[in-house]
Amino acid sequence: MKSIFDIFEFDVIRTQLASYTKTVRGKEMATKLGLFKDATSLKEELLLLREVHNYLFRYGELPLNNSNDLSLPFKFARSGNILTPGDFDHINSDIKASIKIINIAKTKIDKTSLLFMLIDQLLDLSPLSSRIEMVISPNLTIKDSASSELKKIRREMLNLENKISKTSTELLTIYKNVISDSIITMRNGHYVIPIKASEKYNVNGIIHDISQTGQTVYIEPSQIVELNNRLINAKNDELTEINRILRELTLEMLANEAAILNNNEVIARLD
């Protein structure tokens, strides 16, 4: 059998076929294709291929998107890890593609066809898509509305940042004769102002850094130390709440793993 593969350059054919795929799993399927073991399965596959060709000729390509291999993030999650916003985005992309294909099949594909029977294996997971979009924004950040607690924390963070900015701006005026630059910057997570090294003892506060030249020291003025500490605590609270939200969403996806991976496989087969 190996010689037959070599004679017909089957590896070359599979590689060329894989280059046309859009999905990660589809590419894997293409590169692992083997010979048909019986005429019945071959005839069925050729009939399906003809149906797909007819659909493509009439309507164009199905909305398969760039589907990823979702078995990998689920394997990661089953080990007790939290899925990333990118993982949730990939899952949601599959769900939305599945919904579009299901709706297309209802009106454009013969319900007695093999193509319809393949598409009919897709599951409508709209509630999971809505749940993901409640948490993950299009730019893969966590939405304020992901939880009431997160919204509260971020409101407090914004309030503190505004107070720090206002106070720091006032301090730039107060220390205008000793600052090396009229900017507010950050060092070690703290807002600081750049002070001439020769004047550092004239500013009451905490030194967080020194410039490479040694001419500037970055001081956190005592007037904003408490505000900075409160902001750092709020950021830690934000991170804790985000991890809680993502872990909860990860568990929801794990509870629906079979359905999500089923769709992932069908999309790859269609590809």
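**Chat about rings, helices and loops**

Me: How many aromatic pairs does the structure hold?
Reply: Two of them, and keep in mind that this is a predicted model.

Me: Take F5 and F10, then. Why is that pair called edge-to-face?
Reply: The ring planes of F5 and F10 stand at 85 degrees, so the pair is edge-to-face; the cut-off for that class is over 60. The ring centres are 5.0 Å apart.

Me: And F10, buried or exposed?
Reply: F10 is buried, at a relative accessible area of 17%. F5 is partly exposed, because its value is 21% and buried means under 20%.

Me: What about the rings of Y55 and Y59?
Reply: That pair is tilted, because the planes of Y55 and Y59 make an angle of 45 degrees. The centres are 5.1 Å apart.

Me: Where do Y55 and Y59 lie?
Reply: Both are in helix α4, which covers residues 39–59. Y55 and Y59 are four residues apart, about one turn of the helix. Y55 is buried at 7% relative accessible area, while Y59 is partly exposed at 31%.

Me: Staying with rings, what lies over the face of Y218?
Reply: R187 does, at 4.0 Å from the ring centre of Y218.

Me: OK, switching to helices. How do α6 and α10 cross?
Reply: Helix α6 (residues 85–108) and helix α10 (residues 222–255) cross at roughly 35 degrees, and their axes come within 11 Å. The crossing of α6 and α10 is left-handed.

Me: Which residues meet there, in α6 and in α10?
Reply: From α6 you have P85, F88 and I91, and they meet L246, L249, T250 and M253 of α10. By class, the contact of α6 with α10 has six nonpolar residues, one polar and no charged ones.

Me: Now α6 and α11. At what angle do they pack?
Reply: About 65 degrees, with the axes of α6 and α11 10 Å apart; helix α11 is residues 257–270. α6 passes α11 in a left-handed crossing.

Me: Which residues make the contact?
Reply: On α6, they are I91, D94, A97, S98 and I101; on α11, they are I260, N263, N264, I267 and L270. The contact of α6 with α11 divides into six nonpolar, three polar and one charged. I91 turns up here and in the contact of α6 with α10 too.

Me: You mentioned D94. How many residues apart are L158 and D94 in sequence, and what's the distance in space?
Reply: L158 and D94 are 64 residues apart in sequence and 35 Å apart in space, going C-alpha to C-alpha.

Me: Which helix is L158 found in?
Reply: L158 is in helix α9, residues 148–174. L158 is partly exposed, with 48% relative accessible area.

Me: Last topic, backbone. What's up with phi of E9?
Reply: Phi of E9 is positive, about 50 degrees, although E9 is not a glycine. Most residues other than glycine have a negative phi. E9 lies in the loop between α1 (2–7) and α2 (10–18).

Me: And what is phi of L140?
Reply: Near 65 degrees, again a positive value in a residue other than glycine.

Me: Where's L140 placed?
Reply: L140 is in the loop between α8 (126–135) and α9. L140 is partly exposed, with a relative accessible area of 36%.

Terms used
Residues are numbered from 1 along each chain as its sequence is written. This is a predicted model: local features need pLDDT of at least 70, side-chain atom pairs count only at pLDDT 80 or more; totals for chains, interfaces and linings use all residues. Side-chain values use heavy atoms; hydrogens and water are left out. Axes are lines fitted to C-alpha atoms, for helices over the stretch in contact, and angles run from 0 to 180 degrees between N-to-C directions. Helices (H or I, at least four residues) and strands (E, at least two) are DSSP runs, numbered from the N terminus. A crossing is left-handed if the near helix is turned anticlockwise from the far one by less than a right angle, and right-handed if clockwise. Contact means heavy atoms within 4.5 Å. Ala, Val, Leu, Ile, Met, Phe, Trp, Tyr, Cys and Pro count as nonpolar, Asp, Glu, Lys and Arg as charged, and the others, Gly among them, as polar. Buried means under 20% relative accessible area, exposed over 50%, partly exposed in between (1.4 Å probe, protein chains only). Rings of Phe, Tyr and Trp (its six-membered ring) pair if their centres lie within 6.5 Å; planes under 30 degrees apart count as stacked, over 60 as edge-to-face and the rest as tilted. A charge sits over a ring if NZ of Lys or CZ of Arg is within 6 Å of the ring centre and within 35 degrees of the ring normal.
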